[in-house]
Amino acid sequence: MDLHTVASGYSPKRAFNLTHAEVPASAVLCGKLIAVVWLFTGQLVYPRAEPVSFAGGTLGWVHGQLFLQLALLAQLLAILTILCSAFFRVGCALLALIILSLSALDQALFSNNRAFCAAVLLMLALDPRGSLARAQVSLVYACAATDKLLTAAWRSGQFVRTFNAELCRVGELWSPGWSPGGGLPLACALARAMADNASLAMLASALVIATELTIALGYATRARFTAALAPVFHALLLTLTGSTFGVFFYAGAACSVLVLDLERQAAPFDRAMPYVVIAAALAGPWLRPWFGLVFSALVLGLALHLRRAPRARAQVTG
Amino acid sequence: MSGLAKLGGLLLVLQVAWFIREQQGSSRYFCWAPLHEHVWYRIDAHQGGVQLQDAEVAQRYGRRGAHYDRMRGEFWELNAAQHVIDSIAWREAALPRAQRAHVTLRYRIDAGDTRTWTYTP
């Protein structure tokens with residue numbers, strides 16, 4: 001493949017185009033949404049001056065300004081390739097490998113939400129049908145639920161009870177619109193209720209675990225209800241904690257389109273534009289915890305609307 | 001199934017195996033265990049007999065996403081406590097011996113009893 005062919009594969013017109021020779025529209029949309037929120041929420045910036053790798057040592061060249069600039073440039077190139085080129089899978093693989101490499105080079109940078117994005121992007125690159133990406137998301141939720149089931153503090157409700165009490169004291173956790181110390185009325189109400197009633201914490205634990213297992217099962221069986229349940233679950237966590245947990249809120253919602261046949265959705269939800277607009281609206285510094293409730297209502301309303309709407313279209317045009 | 005898809009399937013299987021392995025210990029790296037536990041901790045570090053200030057501690061061991069509570073003089077984060085311990089141990093081990101600090105970490109998992117871990121150069 002020569003340089004001219006590569007260059008002509010890039011076009012700004014592709015940004016909102018979900019048509020791809022081998023990848024279904026839902027998989028393309030999922031990858032594009034993850035790339036967009038990676039960019040909008042500032043995940044590109046490599047934050048540590050003196051990283052320590054998982055191998056236990058520091059690597060001199062990782063400290064340097066040149067490395068930071070190259071890491072930034074490589075991520076921008078990968079995002080550009082995902083959004084605006086015919087080489088969608090190459091872009092996904094590139095961004096995934098960069099995220100994983102940066103995590104491996106800096107133990108303090110490890111986070112489940114960054115690894116989640118990398119894993120889904122990698123699976124989108126390896127399997128054009130999107131089946132592996134759905135299996136990956138299913139595995140993530142299944143492991144999250146199983147780990148909680150195997151943890152005594154989760155089974156007894158101690159985690160949920162003490163976590164809510166600390167949340168109420170500390171206030172909002174990080175989000176793009178973080179207001180340090182900002183009040184969390186839902187967390188405080190739950191903390192008070194759990195202090196009075198120990199079984200409520202156990203019930204809340206069971207509810208979280210059951211929801212994660214249901215989402216895992218939904219992705220594994222490609223059940224359409226997952227497209228509503230997963231975003232609502234993450235949105236309620238946003239309202240409770242004030243946090244998007246890095247990019248988990250966005251990536252969790254983005255992956256929910258993997259269970260849809262986008263080509264069969266009623267207009268305009270058979271195209272990228274409405275989803276990208278919603279993602280952008282939630283990714284800015286104006287984000288507040290109560291946006292989670294509005295987003296939940298929007299998702300549930302859309303789910304009901306799209307169930308009733310005719311599914312006549314067979315072509316995704318952009 | 002293409003070779004790449006087989007590779008993807010193999011990666012999924014390896015993740016399950018890694019999840020099982022991580023369950024044997026106290027860390028939760030790359031095994032999809034968000035909110036496994038929450039931990040409050042305080043780090044006291046002495047280098048050459050001089051105690052490092054809070055800002056120096058944050059600079060030396062600063063962990064992405066940790067919340068610093070000025071009133072308590074403690075950090076709070078939603079990761080396994082072992083990840084904090086690894087951060088300190090690996091950071092110190094990566095320094096020349098003369099620059100290493102004696103570190104005492106006092107931490108509480110899920111608001112439980114206070115535990116202590118020390119690093120000696």
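Trainee: What percentage of the 318 residues of chain A count as buried?

Mentor: Good place to start, and keep in mind that this is a predicted model. A residue is called buried if 20 or more other C-beta atoms lie within 10 Å of its own. Among the 318 residues of chain A, the share that counts as buried is 48%.

Trainee: How many helices and how many strands does chain A have?

Mentor: You will meet several of the helices again below. The count for chain A is zero strands and 15 helices.

Trainee: What radius of gyration does chain A have, and what would a compact globule have?

Mentor: The C-alpha atoms of chain A fill a box of roughly 70 × 60 × 35 Å along the principal axes. For 318 residues, a compact globule would come out near 20 Å. Chain A agrees with that value, because its own radius of gyration is 20 Å.

Trainee: Is A:L258 buried or exposed, and why?

Mentor: First place the residue: A:L258 sits in the loop between α13 (248-255) and α14 (273-282) of chain A. Beyond residues up to four places away in sequence, A:L258 touches A:S26, A:A27, A:C30, A:G130, A:A133, A:R134 and A:V137. The cut-off is 20 or more other C-beta atoms within 10 Å. A:L258 has 28 such atoms, so the residue is buried.

Trainee: Which residues have the most contacts inside the largest nonpolar core?

Mentor: That core has 87 residues, and its largest share, twelve residues, comes from α6(A). Take A:V120 as an example: leaving aside neighbours within four places in sequence, A:V120 is in contact with A:I34, A:A133, A:Q136, A:V137, A:A251 and A:C255. The residues with the most contacts inside the core are A:C30, A:I34, A:V120 and A:L121.

Trainee: Which residues does the second, separate core include?

Mentor: This second core has 17 residues. Its members include B:V39, B:V57, B:V84 and B:I88.

Trainee: Which element gives the largest share of the side of chain A that touches chain B?

Mentor: Between the two chains, 33 residues of chain A are in contact with 32 residues of chain B. On the chain A side, the elements giving two or more residues are α6 (112-126), α7 (131-149) and α9 (158-170). The residues of that side divide into 20 nonpolar, ten polar and three charged. The largest share, eight residues, comes from α7(A).

Trainee: What distance separates the centres of domain 1 and domain 2 of chain B?

Mentor: The domain assignment of chain B gives domain 1 as 1-29 and domain 2 as 34-119. Taken over C-alpha atoms, their centres are separated by 30 Å.

Note on methods: Residues are numbered from 1 along each chain as its sequence is written. Chains are lettered from A and ligands numbered from 1 in the order in which they are written. This is a predicted model: local features need pLDDT of at least 70, side-chain atom pairs count only at pLDDT 80 or more; totals for chains, interfaces and linings use all residues. Helices (H or I, at least four residues) and strands (E, at least two) are DSSP runs, numbered from the N terminus. A residue is buried if 20 or more other C-beta atoms lie within 10 Å of its own, exposed if 12 or fewer, and partly exposed in between; C-beta atoms are placed from the backbone. Two residues are in contact if their C-beta atoms, placed from the backbone, lie within 7 Å. The radius of gyration is taken over C-alpha atoms; the globule rule is 2.2 Å times the number of residues to the power 0.38. Ala, Val, Leu, Ile, Met, Phe, Trp, Tyr, Cys and Pro count as nonpolar, Asp, Glu, Lys and Arg as charged, and the others, Gly among them, as polar. Domain bounds come from an automatic or database domain assignment. A nonpolar core is a set of buried Ala, Val, Leu, Ile, Met, Phe, Trp, Tyr and Cys residues joined through C-beta atoms within 7 Å.
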